[in-house]
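Student: I am new to this structure and would like to learn how to read it. Could you walk me through a few features, one at a time?

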Amino acid sequence: MASTDISLTHDVHHAHDDHDHDHHDQHFIFKYIFSQDHKVIAKQFLITGIIWAFIGGALSTIFRLQLGWPQATYDWLEPILGKWIEGGKLSPEFFLSLVTMHGTIMVFFVLTAGLSGTFSNFLIPLQIGARDMASGFLNMLSYWFFFLSSVIMFLSLFLETGPASAGWTIYPPLSALPQAIPGSGTGMTMWIVSMAFFIVSSLLGSVNYITTVINLRTKGMSMTKLPLTIWAFFLTAVLGVLSFPVLFSCVLLLLFDRSFGTSFYLSEIYVAGEALSNVGGSPILFQHLFWFLGHPEVYIVILPGFGIVSEIIATNARKPIFGYRAMIGSMLGISLLSFIVWAHHMFVSGMNPFLGSVFMFLTLIIAVPSAVKVFNWLATLWRGNIVFTVPMLFSIGFVSLFISGGLTGIILGNSTLDIQFHNTYFVVAHFHLVMASSAFFGLFAGVYHWYPKMFGRMMDDKLGYIHFWLTFIGVYMVFMPMHYVGIAGFPRRYYSWTSFELFSKFADLNMYISLAAVIAWLAQFIFAFNFFYSMFRGRRATQNPWRSTTLEWTTPVNPGHGNWPGAIPTVYRWPYDYSKPGAADDFIPQHIPYSETASSNLPHEKDLA
Amino acid sequence: MITLAILFTLALLGVILYLIFRIQILGSVYRGTYNKRVSTSNKVNATLFVVFLIVGGGAFFWSFQDAKPEMTVPVASVHGAWVNDMFWLTMAVIGIVFVITQVLLFYYSYKYQFREDKTAYYYPHNNKLEIIWTIIPAIVMAMLVFSGWKAWTKITNPAPADAVVVEITGKQFNWLFRYPGKDNALGLAKHTLIDASNEIGIDFNDKKAHDDIIVNEIHIPKGRPVLFRIRSRDVIHDVYQPNFRVQMHAVPGMPTKFWFVPTKTTAEMAEETGNPDFKYELVCSQICGRGHFAMRGTLVVDEPEDYEAWLAKEQPFLEKNPDLLAKFKNAPVQVVTAGNEKGKIEEKAAL
Ligand code: HEM
Ligand SMILES: [Cu+2]
């Protein structure tokens, strides 16, 4: 591809190198806080994401306590929660705001910003062979918009009327009317403002990732020699650029309805003893707009996981990823299809049933590329020589969870069956396995794998193993039984299940789920300890600890500003030459020319030498 | 005091764990395993995967069987049986795929664990294989879509003309039920007319409203088509009845509907479930505010004769509350908002 690009980037980098020297003794503030270095920005995203994950996890732990032990009294939480405890009980409104904030935080702040923000930033320049992102300044802005958005969302937790509490999908009219639920007052306004900044952050980041991948690849790095991670981050960014603006419009109109008396989503409402004057709006319109983002969003969350896991499985199975082109093709297919399946969230929302038929058809098509990915991962393991590093364990866990959760998508995607399962715990189980748990496993895999590149030290293996096994068993124990409750029709976002005879049979199961959830959450502190401890006391990393082929491992152990002290390596081969017959070692890095590997070249590669 | 003791114990526990952790590291440095490419942990993890497969898989299937009586909700409608059959069929299909893929995943992990004397098999792709495993899921999906689509069309087709009509209106936090009465037509309702005595906002200027009946519990006849006309007066609610496999959102400003044919009376269900107090419960399954979790309605399925007898005894709302009409006589102004809005509402009511 484009040799012109390459000469162009070379010039740019010369300039960069010089300017490097003046800045080596940067002030702390510019080096670590308002940094424009992609590696520092990645760590900022990562650490902010980890903090959010603990907050999000803590919120879910509180509402799981309520669901597991509904008769218990929670006076002991009163010092922290204050008036949210009503007569020893959590207030139902507080429960709803916990559910809402848990969802919002996990989906957007952890698994979108924390995941893409960390790994796209960190790996794109390192793996394509660039000195930095296309625009370091926009990249810095992207983090600081995210930070601002985080601060606003965090502050909303402390409002008198509580944070937003209409569910993470904030369907109006509930989210538009403070009379209907107190969280829809200032809490909801702050949610919208925070999300607006979040969208700006996400767009700045995505535009940067796309530009960088297209323009700044090193010599020889054609699109078909990119590691699958980069393909995944690239497509994630494309999805983000196309779908987040729709969310922006969606919440903007909601803001108008809330504050300026418009009626985009409101019509014929009588609430709190008063008939509102709004007519002609449609709550369904909101749902279309929301899910037009919402469905691509779930793939924004999972695609980076696809990339990370493909990379790690190939590296640790010491085997090329099976069907490299099929892997790219399936990601392209999924990305494209993810834009035309959104209404499967709305089969019984009252929209025209004919639309339901169309969306059922499109939705079930998306299962095919997903299946292809799973088969290809299995084929990659087959006859491998597998090293169970901690990232490899998490990657295998990812595949397992993705299968378990993806399969139930086939049930939900069938509109006839969705009549029974919509808004029940079956949906909760589905997306916590396929999205939440899988994406978290992708995140953990990535952190353990690239930690040596980030901090120059290794995380502790033994703690990693314990963390993996507790988490893996924990999430299965939490989410598998949720299917049972869901099949029985138990609706999601219920504060308690005791008012219905239909659901009263599940007291034990709910207690058991809550117990498993608390244990799984506590296991994450092992990770936190390992993460921060290893930063200072971990074993020192070697340059290429996993014996991997990609370019980031050709940089020094602690890469400085500009990544490579000398020239950027040129790329000659695809990233998956593991265990190539005839090769001296069981991996050949991308920057080794064919002329140096005569013994292992395949027939068609002879000419390239 | 107790809190202090707990904190102290936790801190102590933390210190002990930390010490164990340090000793373990020093031990492995001493033994020299610290820098080996692959330690015994590799074998341990590989084995644990198989253990996980067997124990975890076993626990899953056992618990699924164990919970099955509780999770299967007895079906009580014609299309509910289709949904149920299709569900278990789809479960069987995905169950097979689930078992095959998980077994391969963990078995391969174990079987192909690292050995010093082995190299992995360089096998970058195989087009034939890839085409096969693209086409097979595509065919299976096509079959599932087709059966789902056929059932979906039948379920969502317009209700038969002789269907029993019940209007369900959701509000924070209960359900309101209305029958059309003798003329079999529901009168207009407007949110501007709602007050404490007229919770649905029925417009009694509309003659069709005069015989409308309001009840606290729905009665429907077994074996006859029933059409729920669903509305909401404040936020979105969701009418869900698991036994009938009926679910439809209640949307303010946009009436929705769902029709079905109940197949078992309440008495029959009481017998089937062994619960003499069995009631069909209407559930709200779309988050709607503080009382979402307790928004319960009840419904009785009668033999057709009993249903007719019950209906005949129910008095129209207006007869029970004659003063309401007086109010309308005094202030018939509500209609001024122009003919076209009224037209719109009529159109909606006719949906
Ligand atoms: C195998 C393909 C998949 C199919 C056919 C599928 C289908 C569905 C359907 C129909 C629903 C809506 C259920 C309802 O609300 O009634 C749903 C919910 C959901 N799915 Fe999937 N899904 C698939 C894979 C995924 C993946 C890969 C992710 C994320 C990575 C995902 C994330 C979600 C989420 C987050 C929700 C719930 C949203 C909410 O209501 O809060 N799904 N899925
Ligand atoms: Cu979706």
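Predicted model: local features only at pLDDT ≥ 70, side-chain atom pairs only at ≥ 80, totals over all residues.

Student: Which residue forms a salt bridge with A:Asp586?

Tutor: The general idea comes first: side chains of opposite charge can pair when their charged atoms come close. Here the partner is A:Arg547, and the closest N and O atoms are 3.3 Å apart. A:Arg547 is partly exposed, at 23% relative accessible area.

Student: Can we look at chain B next? Where do B:Lys222 and B:Glu268 lie?

Tutor: The closest N and O atoms of B:Lys222 and B:Glu268 are 2.9 Å apart, in a salt bridge. B:Lys222 sits in the loop between strand E4 (218-221) and strand E5 (226-232) of chain B, while B:Glu268 belongs to helix H5 (residues 266-273), so the pair ties together parts 46 residues apart in sequence. B:Lys222 is partly exposed at 23%, and B:Glu268 is partly exposed at 30%.

Student: And is B:Glu281 buried or exposed?

Tutor: B:Glu281 is buried, with a relative accessible area of 1%. Its salt-bridge partner is B:Arg296, at 2.5 Å from N to O. This pair links strand E9 (residues 280-284) of chain B, where B:Glu281 lies, to the loop between E9 and strand E10 (297-302), where B:Arg296 lies, 15 residues apart. B:Arg296 counts as partly exposed, at 33% relative accessibility.

Student: Now the metal. Which residues coordinate the copper ion (ligand 2)?

Tutor: To read a metal site, look for the atoms that coordinate the ion. For the copper ion (ligand 2) they are ND1 of A:His295, NE2 of A:His344 and NE2 of A:His345, at 1.8 to 2.1 Å. A:His295 in helix H9 (residues 283-317) and A:His344 in the loop between helix H10 (324-337) and helix H11 (353-381) of chain A are 49 residues apart. A:His295 counts as buried at 6% relative accessibility, and A:His344 counts as buried at 14%.

Student: How are the donor residues of the copper ion (ligand 2) spaced in sequence?

Tutor: Their spacing is H-x48-H-H. As a last stop, find the iron atom of ligand 1: the copper ion (ligand 2) is 4.6 Å from that atom.

Note on methods
Residues numbered from 1 in each chain as written. Chains lettered and ligands numbered in written order. Heavy atoms only, no water. Salt bridge = Lys/Arg side-chain N within 4 Å of Asp/Glu carboxyl O. Buried < 20%, exposed > 50% of the residue type's maximum accessible area, 1.4 Å probe, protein only. Helix = DSSP H or I, 4+ residues; strand = E, 2+ residues; numbered from the N terminus. Donors = N, O, S within 2.8 Å, 3.2 Å for Na, K, Ca; no water.
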